[in-house]
Amino acid sequence: MGTPQRTPPSEPLRETLELLLARADDHQPSLPSGLDPASVQSAPRPERLPRRAEVPLLDRPDADPNALPEQRWGVISPEGDEGDRLLRAIAPLVEHRARQQDAEVKIYRVHPDMDAAQAVTWRERVYRDERVPAEERPRYLLVLGSPQQVSFELQHVLAQGAFVGRLHFATPEGTPDLASHGAYVDKVLAHEHSSEQAEAADVLLYTASDGSRATVQGHQLLMEPCRKMVEARWLPKQLARRLEVLLGEEAEELPSVAGTVRSGVLLSVSHGLGAPSGGWASAEQQRARQGALCLAPERELTADMVRQSPFLPGGMWFCVACFGAATPRKSAFHAWLSMMAKQKRFPGRPEAVLDNLPRPGEPPFLAALPQALLANPLGPLAFVGHSDLAWNFGFANPDNLAESRASRILSALEVLAKGSRVGVALDALMRSFRDVNDSLMSAYQERQEALEEERPDPIDPKRLGYLWMLRNDLRGYLLLGDPAVRLQLRRATK
């Protein structure tokens, strides 16, 4: 596979807020014209969690982050019989990690459905128990269970200072699929016991060919900078063995091309499928299709298409699309979108976006596509994607939305290509989140101090809104799979 040259879309970039979400029935963007950037100027302030929850606390900052004997690996499982069954399903992986770190694996059992404040309290009182020596506290944490059993809030809180991934497989009815847990464990063990190693990673860059403004911007602000960096630095330095770029009509070839990639890293930009025009017919239909990818008009990539065919075997997928990894109970953007709707500032029907969230009483859920891929013996080892709405902010400059900041995502890919574990790669992205979060909270503090001292507001409301959007967009990324897996490369740290 060579490095084919592509002619990127030539549409000039505009400062608009673009959403990577399409309707499941006709594949048309849910926000075809984007949103006016001025709409974020009155976005609500994020809730400040207690005890500086989003500041990383490194127990052993001097230790190699990839060394399991020094960083340790543990499991977070639901309480009760179901948690017991999940632990039995992954028992061979627990035994394998115990041998690797030459120490017993720490198992945590947690209450269901924690909110953010409860998650912070659990982290401080249980995970960071002062009676446990720092060298015995696992920094790699594999979460088992649905997001109702072990909440997204706990996963988000722990990801600020730990390497956290989630493993959960569900049947169409929503019950745990223990066979798929076992299939994933078998795949990881086969991968790590294999003697086959690649000299360097394959890199696959994919942009959906729907022609929407959102994917055009994704290509120009993310994919093109990444392609140039791989060609200029990765290939000469042998961080990448080969590069494939899929764009335009060739974007429909993603399933077949991904099947040929070995020890590969896939970065994709596309719309995630959301509710059809009339809404989802049932919760089961929503769980089966929401977050699947719109590849082109009338062409999708769904869970059923990747259950058995080779698709990025032994690789890692970084997916930029709405609900690509999961759908939360409440979106971080919900209050802002509701306010926009009340003020008549939302083009079209705001329900086109808001109705993608679970109905009252229905639980949050993981997308079916990454579940099918991770259970597939010929699929990837890990998947990083959005657990909320995905906007163009994640790879744009908050001071100028027409300017690329692809380095935020490229830094995570480079960590993978250098042989680090996938949890370390996600943490590279979370560092960007923490920097933006600090800037945002400092701006709110400056505004508050000016108000108390009766001075003019020193904060540009437009930039404050951009920081708010960027902060929430970056925080929405989740890792699905064991955070300790990595590409089988000769350069990987032992």
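User: What makes 68–168 and 201–479 domain 1 and domain 2 of the protein chain?
Analyst: The domain assignment of the chain gives these ranges; domain bounds come from an automatic or database domain assignment. The model is predicted, with local features needing pLDDT of at least 70 and side-chain atom pairs pLDDT 80 or more, while totals for chains, interfaces and linings use all residues. Residues are numbered from 1 along each chain as its sequence is written, and side-chain values use heavy atoms, without hydrogens and water.

User: Where do the two domains lie, and what is in their contact?
Analyst: The C-alpha centres of domain 1 and domain 2 are 25 Å apart. Contact means heavy atoms within 4.5 Å; 17 residues from domain 1 and 23 residues from domain 2 take part.

User: How much area is buried between domain 1 and domain 2?
Analyst: About 1,700 Å², with carbon and sulfur atoms giving 59%. Buried area is the accessible area (1.4 Å probe) that two parts lose on being put together, summed over both. In domain 1, Phe-152, His-156 and Gln-160 lose the most area to domain 2, together 33% of what that side buries.

User: Why is the pair Arg-329 and Asp-113 called a salt bridge?
Analyst: The term requires a side-chain nitrogen of Lys or Arg within 4 Å of a carboxyl oxygen of Asp or Glu. The closest N and O atoms of Arg-329 and Asp-113 are 3.2 Å apart, so the pair qualifies. The count between domain 1 and domain 2 is one salt bridge.

User: Which elements give two or more residues to the side of domain 1 that touches domain 2?
Analyst: They are α5 (152–158) and β5 (163–167). Helices (H or I, at least four residues) and strands (E, at least two) are DSSP runs, numbered from the N terminus. β5 gives the most, with four residues.

User: How do α3 and α6 cross, and which residues meet?
Analyst: The axes of α3 (residues 91–101) and α6 (residues 178–193) come within 9 Å and cross at roughly 35°. Axes are lines fitted to C-alpha atoms, for helices over the stretch in contact, with angles from 0 to 180 degrees between N-to-C directions. Among the residues that meet are Leu-93 and His-96 in α3, and Val-185 and Leu-189 in α6.
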